[in-house]
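This report describes selected helix contacts and a ligand site. Please consult the sequence and the structure shown here while reading.

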Amino acid sequence: HDAVEVITAKRDRGELSDSQIDWVIDAYTRGEVADEQMAALAMAILLNGMVPREIARWTAAMIASGERMDFSGLSRPTADKHSTGGVGDKITLPLAPLVAACGVAVPQLSGRGLGHTGGTLDKLESIPGWRASLTNAEMLAQLEDVGAVICAAGDGLAPADKKLYALRDVTGTVEAIPLIASSIMSKKIAEGTGALVLDVKVGTGAFMKDEARARELAETMVALGQDAGVRTVALLTDMSTPLGLTAGNAIEVAESVEVLAGGGPADVVELTVALAREMLAGAGVTDVDPAERLADGSAMDAWNAMVRAQGGDPEAPLPQAKESHVVRADASGTLTRLDAMAVGLAAWRLGAGRARKEDPVQAGAGVVWHARPGDEVTQGEPLFTLLTDEPERFERALSTLEDGYDIDDAASYTPAPLVIDR
Ligand code: URA
């Protein structure tokens, strides 16, 4: 094979053969296929699509580009969760220790944030001492001892995807469903989890703005997981409104700890418990109620053990932003809309996220909202608190938030379900 042959086949709407796919992924990983050639192929795939057989083979080839982890020797079953990314989406933080407290091990490989959605590792790194990098041996030991690990994926896992994802990011080819599905699932299958729940977000703050595309992505990923022997289900969940009451890093850790203490915002608790039930069912554990493990403190014990195992001090005070700015309600009434994208962009502009991969994030930065859609607000009362170390960031964050919410009469508010479908 050669690169031009594969590119032109897809350009002309052909189906790629198994051997073309195996060859192009392997040759790209080795540097024999150049970035500009892979970029052309990615664009042809974005425009012309792939049939299920091609997507499955593409995923398998990306898995084969690196190592596969194996947790089959653990004394308990494994389950993991992947979210396609949202605003205020700290669910992994309470979820992993909660599921561990129910007897299922959680090998969660996570990423850092880019753009308006936060990254789980960025949030956890606000805990003094906590480290994201573990060796495979450390990961295995922690899964056996504590039952939950949230860490960075090592370089050995799906290296073809690392290279390709970075290329797609700068060539306008992220949004192709075959490429998104194979990217996510290659990493989750290579990670070796026995069961997987996908939290596919839909709404203004999500990757997929419309439900039909989110559904197609969910169905594509579930098929890939099932084919590879991973018990996979997907929930379609709302991301038109941000989750909880905080978007940032340390402030999302604090909110997660509230959930683990048996409190916290109702929507965060609802989604955490719903995803925990799916993970437990996928792992074959049906006799434990995760809500009880939040109430009885055992999920919090698992959190403390998980943080300590990775060098963190769960008792240490979390970093705080140097500056804050309060936005007050300009009218009385019902908060009828709070836009996830507006809140996510504001948090990002305050320094909670990064513009380029190598940028640092501010641990204390972010947005706190003091009301959720459906809540009554009173003119002059705090609606948002903006947090940053650099006060010159307030102005741009404020301009983003301005059009991000409505205060109206209660009749114009229609509550939307958080879990849209399974
Ligand atoms: N997340 C991934 O890991 N890959 C994608 O392609 C998109 C989101």
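## Helices H2 and H4

In this predicted model, helix H2 (residues 18-30) packs against helix H4 (residues 52-64) at an angle of about 35°, and their axes are 9 Å apart. Helices (H or I, at least four residues) and strands (E, at least two) are DSSP runs, numbered from the N terminus. Axes are lines fitted to C-alpha atoms, for helices over the stretch in contact, and angles run from 0 to 180 degrees between N-to-C directions. The crossing of H2 and H4 is right-handed; a crossing is right-handed if the near helix is turned clockwise from the far one by less than a right angle, and left-handed if anticlockwise.

On the H2 side, the contact involves Asp 18, Ile 21, Asp 22, Ile 25 and Asp 26, which meet Glu 54, Arg 57, Trp 58, Ala 61 and Met 62 in H4. By class, this contact of H2 with H4 has 5 nonpolar, no polar and 5 charged residues. Contact requires C-beta atoms, placed from the backbone, within 7 Å. Ala, Val, Leu, Ile, Met, Phe, Trp, Tyr, Cys and Pro count as nonpolar, Asp, Glu, Lys and Arg as charged, and the others, Gly among them, as polar.

## Helices H5 and H14

Helix H5 (residues 92-101) and helix H14 (residues 298-309) have axes that come within 8 Å and cross at roughly 115°. H5 and H14 are therefore roughly perpendicular to each other (angles under 35 degrees count as roughly parallel, over 145 as roughly antiparallel, 65 to 115 as roughly perpendicular and the rest as oblique). Their crossing is right-handed.

Pro 94, Ala 96, Pro 97, Leu 98, Ala 100 and Ala 101 of H5 meet Ser 298, Ala 299, Ala 302, Trp 303 and Met 306 of H14. The residues of this contact comprise 10 nonpolar, 1 polar and no charged.

## The ligand site and helix H9

Around the ligand are Tyr 165, Val 174, Leu 179, Ile 180, Ser 183 and Ile 184, each with its C-beta atom, placed from the backbone, within 6 Å of the ligand. Helix H9 (residues 177-191) contributes the most to this shell, with 4 residues. The shell divides into 5 nonpolar, 1 polar and no charged residues.

H9 also packs against helix H10 (residues 211-227), at an angle of about 45° and with the axes 9 Å apart. H9 and H10 are therefore oblique to each other.

## Confidence and conventions

The chain has a mean pLDDT of 96, with 100% of its residues at 70 or more; pLDDT is the predictor's confidence in each residue, from 0 to 100. For the complex, the predictor gives an ipTM of 0.95 and a pTM of 0.96.

Residues are numbered from 1 along each chain as its sequence is written. In this predicted model, local features need pLDDT of at least 70 and side-chain atom pairs count only at pLDDT 80 or more, while totals for chains, interfaces and linings use all residues.

Terms used. Contact = placed C-beta atoms within 7 Å.
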